Amino acid sequence: KEKLKVKEIFKNGHHELSTRLDVPLYKRDGYKIPSDEELLKNPNKVYLGNSLYHNIRYSFKYRNKLFFGLTTEKDQGEPFGSYGNKGYDAYSFHFLLKDCGFLKTLALGDYRLKFGEGLVVNTDYYFGKSTMLSLTPDRNTIKKFSSTSETSFFRGASVSFQFNKLDISAFYSYLPTDATLRKDGTISSMKTDGLHRTLLELSKKHNTVEQSVGGDITWHDKYFSVGVTSLYQHFN
């Protein structure tokens with residue numbers, strides 16, 4: 001397998017920068033200024049930010065071996081640079097290295113996983129707040145996460161090694177997560193839409209941390225494979 005050279009990577013790599021700006025031609029009730037009496041009764045009736053949606057995405061790719069990038073996003077109605085937000089409401093960074101000797105895949109930052117035929121760990125296809133159940137036909141995979149979604153991914157590090165027909169993988173994730181808390185501090189529900197437009201929505205931002213750790217050992221042949229996958233998740 002070829003060795004990666006820094007000079008070669010940046011000479012022949014591909015940079016891409018894109019941005020998106022949405023300017024709505026309608027006005028939702030959340031942007032209308034209510035009377036002081038209405039505002040006192042319902043402070044969550046008004047959005048804290050303007051009606052513009054904006055994101056910036058930068059990505060770098062060298063062949064099918066090295067990827068890294070940064071994504072920032074501000075949803076409609078979210079404040080920019082205030083109420084605890086340092087600029088954009090959401091940031092996402094990814095780094096992915098593939099096929100370097102025994103190293104099959106290394107992911108840092110935000111990434112997606114699929115182990116155990118998707119029955120144990122799968123954020124490749126997302127059908128709700130659970131990251132643990134979905135059926136897909138692909139083999140075990142570690143992929144970069146470069147979406148503007150604020151859920152359905154891991155944040156930390158994941159690595160996979162391949163020794164002939166044996167794959168060994170491990171991962172760790174530390175992901176601040178939106179949640180609704182009870183008075184005693186326990187979690188009553190998870191918030192998965194990524195919106196922080198009102199004081200109520202903002203009060204649910206990153207109220208808990210989802211920590212995930214696990215691994216997978218799989219032996220595969222031309223016609224079948226057998227493996228063991230483990231996963232431990234904890235919400236503080």
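Reply: Contact here refers to heavy atoms within 4.5 Å. Leaving aside residues up to four places away in sequence, Ser173 touches Tyr111, Phe154, Arg155, Gly156, Glu210, Gln211 and Ser212. This is a predicted model, in which local features need pLDDT of at least 70 and side-chain atom pairs pLDDT 80 or more, while totals for chains, interfaces and linings use all residues. Residues are numbered from 1 along each chain as its sequence is written, and side-chain values use heavy atoms, with hydrogens and water left out.

Me: Where is the place of Ser173, and is Ser173 buried or exposed?

Reply: Strands (E, at least two residues) are DSSP runs, numbered from the N terminus; Ser173 is in strand E9. Buried means under 20% relative accessible area, exposed over 50%, and partly exposed in between, with a 1.4 Å probe and protein chains only. Ser173 has a relative accessible area of 1% and is buried.

Me: Which backbone atom does the side chain of Ser173 reach?

Reply: The side chain of Ser173 reaches the backbone nitrogen of Arg155, at 2.9 Å.

Me: How is a pair of aromatic rings described?

Reply: The distance of the centres and the angle of the planes describe such a pair. Rings of Phe, Tyr and Trp (its six-membered ring) pair if their centres lie within 6.5 Å; planes under 30 degrees apart count as stacked, over 60 as edge-to-face and the rest as tilted. The whole structure holds 13 aromatic pairs. In one of them, Phe80 and Tyr88 are edge-to-face, 5.1 Å centre to centre with 90° between the planes. Phe80 is partly exposed at 48% relative accessible area, whereas Tyr88 is buried at 15%.

Me: How does the pair of Phe154 and Phe171 read?

Reply: Phe154 and Phe171 form a tilted pair, with 5.6 Å centre to centre and 45° between the planes. Phe154 lies in strand E8 (residues 154–163) and Phe171 in strand E9 (residues 166–177), so the pair ties together parts that are 17 residues apart in sequence. Phe154 is buried, with a relative accessible area of 1%, and Phe171 is buried as well, at 4%.

Me: Which residues form one aromatic cluster?

Reply: One aromatic cluster is formed by Phe10, Tyr58, Phe60 and Phe68.

Note on methods
Helices (H or I, at least four residues) and strands (E, at least two) are DSSP runs, numbered from the N terminus. A polar contact is a pair of N or O atoms within 3.5 Å; within protein, one must be able to donate a hydrogen and the other to accept it, and residues adjacent in sequence count only if both atoms are side-chain atoms.
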